[in-house]
Amino acid sequence: MSYYYEKISENNGLPAKFMLSQCTDLTIPAHWHDYLEVLYMMEGELTAVVQAGSYLLTPGNLMIINSKELHMTRANGSVCYILLQISAEHLHNFLPSGTELHFQTMIAPADNGEVFSGLRQSLEHMLDAYTRQDNGYQFFFAAKLYEFLYHLYRNFCTLSPSAPETGANRDLERVTQVMDWVRNHFQKPLTLDDAAASLAVSREYFCRLFKRYTGQTFLEYLNSVRTMHLYEDLKIRTTASLYSWKKTASVTTKFLCAPLKNCTAIHRRRYEARSGNIFHRNCHPKFILTWRSVLCFQTKSTMKKQPWAMNWENT
C-alpha cells in the first residue's frame, strides 16, 4: 500500500489522537493510515466512502474505519464531529500475537440501544476531559478511552485471519496503482484517457471503478493532489517558481482558486490538532502574500480578488 498514506501523531500525553472537528464543505481525498479511526457525528451530514462502500453520517451516527482501509470523507455543508484515532500497534499490545481485528463500519443508535449509549457517553466524557484539561485529565481520558475500546471490541468486532485475494482486492489494487501514478506525475498534464489506458480499460469502466473506491471523479482527485502540493509550495517557494509550477502542470487559474479554500481548511484542522491554537492569518503570512500575487491577477493595475480570499485573510 503505497498510495496516499496519512501520518498521524497522538496528542501530547494521550494514547490517541483526539479532536473536535468543525468544518464546512470540506473534502478529504482518499487515503489510509495504520490507525483505527472513529467518527462520531454531532451536527450536520458527512458522506464517507470506505473500501468502496458509501455511507451517510447524520447526528448520532458512529463510524469505525479500520486500520489500512482506503477512505475519503466529504462534509455536506457545516459539520461537527468527534475524531478519535488509535494506532493498530497500540491495540495489538493487548491482544494475542497475530490477531487481526475488524470492527463494524457503521453503528447506529437505534439498532444498538444500551451498548451504543455507553459508547457515546465514553466519547462525551473524553471530549469534556480534553476540553477542560484539568490537572491529571490524561488519566481520566485514558480510562474512558479503554472503556470505549472494551465495549467496541466486545460488541462490534470480529477476529479474522488474513483473507485470500479477491476480485474486490484486485480492483482496489488497480485503483491505488492509478493514485500512485497521479502522485508521482501530478505536475505533468494528465488526462482521463491516460489513466484508463494505464489499466487497459475503457474510460467509462475506469470512471465507475475509480469513483467507487475513492468517492471522487478522477479530475477531482487529480485537483486535490495538485492543490495539496501547491499549498506546500506556497509556504516555501518564490512567486516566480509558483508561476512556473502553474505552467508546468498545465493548470488553469480556475482550478487553482476553487480547491485551495478546501485545502487550507484541511491544513487548518491539522494545525489546530497539533498546536491547540486558533489558526489565523499570522500563521502563514507568506502564504497570503504569495497566493495574492499568483492568483489575484489579471494585470497589476486591475488585480481582482476571489471573494473567498478576503474572507480567509480576515479570519
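Glutamine 133 is partly exposed, with a relative accessible area of 43% (buried is under 20%, exposed is over 50% and partly exposed lies in between, using a 1.4 Å probe and protein chains only). Its place is the loop between helix H2 (109–132) and helix H3 (137–156), and its phi is positive, at about 50°, although it is not a glycine. Most residues other than glycine have a negative phi.

The model is a predicted one, in which local features need pLDDT of at least 70 and side-chain atom pairs count only at pLDDT 80 or more, while totals for chains, interfaces and linings use all residues. Residues are numbered from 1 along each chain as its sequence is written, and side-chain values use heavy atoms, with hydrogens and water left out.

**The chain as a whole**

- The protein chain holds 11 helices and nine strands; these are DSSP runs numbered from the N terminus, with helices being H or I of at least four residues and strands E of at least two.
- Of its 315 residues, 48% count as buried.
- Take the contacts between residues at least 6 apart in sequence: 75% of them join residues at least 24 apart (contact means heavy atoms within 4.5 Å).

**Helices H2 and H3**

- H2 and H3 pack at an angle of about 160°, and their axes are 9 Å apart (axes are lines fitted to C-alpha atoms, for helices over the stretch in contact, and angles run from 0 to 180 degrees between N-to-C directions).
- That angle makes H2 roughly antiparallel to H3, a label for angles over 145 degrees, where under 35 is roughly parallel, 65 to 115 roughly perpendicular and the rest oblique.
- The crossing of the two helices is left-handed, meaning that the near helix is turned anticlockwise from the far one by less than a right angle; clockwise would be right-handed.
- Among the residues making this contact are Leu119, Met126 and Tyr130 of H2, and Phe141, Leu145 and Phe148 of H3.
- The contact residues divide into 13 nonpolar, five polar and two charged (Ala, Val, Leu, Ile, Met, Phe, Trp, Tyr, Cys and Pro are nonpolar, Asp, Glu, Lys and Arg charged, and the others, Gly among them, polar).

**Methionine 126, a residue of H2**

- Methionine 126 is in helix H2 and counts as buried at 0% relative accessibility.
- Leaving aside neighbours within four places in sequence, methionine 126 is in contact with Phe18, Leu84, Phe141, Lys144, Leu145 and Phe148.
- Methionine 19 is 107 residues away from methionine 126 along the chain, yet their C-alpha atoms are separated by 9.8 Å.

**Strand S5 and its partners**

- Strand S5 (residues 62–65) is covered on both faces, with Leu62 and Ile64 buried on one side and Met63 and Ile65 buried on the other.
- S5 pairs with strand S3 (residues 35–50) in the antiparallel sense over four bridges (pairing requires at least two DSSP bridges), and here valine 38 stands opposite isoleucine 64.
- S5 also pairs in the antiparallel sense with strand S8 (residues 106–107), over two bridges, with leucine 62 opposite isoleucine 107.

**Two further loop residues**

- Aspartate 25 sits in the loop between strand S1 (17–24) and strand S2 (27–31), and has a positive phi of about 50° although it is not a glycine.
- Glycine 215 lies in the loop between helix H6 (203–214) and helix H7 (218–236), and counts as buried at 8% relative accessibility.
- Beyond neighbours within four places in sequence, glycine 215 is in contact with Val49, Met72, Arg74 and Phe210.
- Glycine 215 and arginine 74 are 141 residues apart in sequence and 8.8 Å apart in space, C-alpha to C-alpha.
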